[in-house]
Amino acid sequence: EGMVLSAILTYTAALERKETRGTQKREDYPARDDHNWLKWIILKQDASGKPKVVHAEIPFDRYHFPPHHS
């Protein structure tokens, strides 16, 4: 069950991100898009038990070595 849940959450987050980033390659969105997608994608369970997608800004000031962004 854990592996199936992990696959569902990974797939849901990958579909949400409309860009190519890291190991995620999308033919329909072939370029990295920091302007729109340099953020966290958080999945939460809604009342029906399905994953709900939430976007959150990355708090760069909290990291000693912040990720590179353009």
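**Figure 1. Overall view of the predicted chain, with its 2 helices and 2 strands.** Read along the sequence, these elements follow the pattern α-α-β-β. The radius of gyration is 14 Å, well over the 11 Å that the globule rule gives for 70 residues, so the chain is more spread out than a compact globule. Along the principal axes, the C-alpha atoms occupy a box of roughly 35 × 30 × 20 Å, and buried residues make up 19% of the 70 residues. The chain exposes about 5,800 Å², of which carbon and sulfur atoms supply 58%.

**Figure 2. Close-up of the salt bridge between Glu-19 and Arg-17.** The closest N and O atoms of this pair lie 3.0 Å apart.

**Figure 3. Close-up of Asp-34 with its salt-bridge partners Arg-21 and Arg-32.** The side chains of Asp-34 and Arg-21 meet with an N to O distance of 2.6 Å. This pair links distant parts of the chain, since Asp-34 lies in helix H2 (residues 34-37) whereas Arg-21 lies in the loop between helix H1 (2-16) and H2, 13 residues apart. The side chain of Arg-32 meets Asp-34 in a salt bridge of 2.8 Å, again taken from N to O. Asp-34 counts as buried because its relative accessibility is 12%, while Arg-32 is partly exposed, with a relative accessible area of 47%.

Figure 4. The side chain of Ser-48 is joined to that of Asp-46 by a polar contact of 2.8 Å. With a relative accessibility of 56%, Ser-48 counts as exposed.

**Figure 5. Close-up of the nonpolar surface patch made by Trp-40, Ile-42 and Tyr-63.** The patch covers about 250 Å². Tyr-63, one of its members, is found in the segment after E2 and is partly exposed, with a relative accessible area of 36%.

Notes:
Residues are numbered from 1 along each chain as its sequence is written. This is a predicted model: local features need pLDDT of at least 70, side-chain atom pairs count only at pLDDT 80 or more; totals for chains, interfaces and linings use all residues. Side-chain values use heavy atoms; hydrogens and water are left out. Buried means under 20% relative accessible area, exposed over 50%, partly exposed in between (1.4 Å probe, protein chains only). A polar contact is a pair of N or O atoms within 3.5 Å; within protein, one must be able to donate a hydrogen and the other to accept it, and residues adjacent in sequence count only if both atoms are side-chain atoms. Patches are made of residues with over 30% relative accessible area and no salt bridge: like charges are joined within 9 Å, nonpolar side chains (Val, Leu, Ile, Met, Phe, Trp, Tyr) within 5 Å. Accessible areas come from the Shrake-Rupley method with a 1.4 Å probe; for residues, only the protein chains shown count as cover. A salt bridge is a side-chain nitrogen of Lys or Arg within 4 Å of a carboxyl oxygen of Asp or Glu. Helices (H or I, at least four residues) and strands (E, at least two) are DSSP runs, numbered from the N terminus. The radius of gyration is taken over C-alpha atoms; the globule rule is 2.2 Å times the number of residues to the power 0.38.
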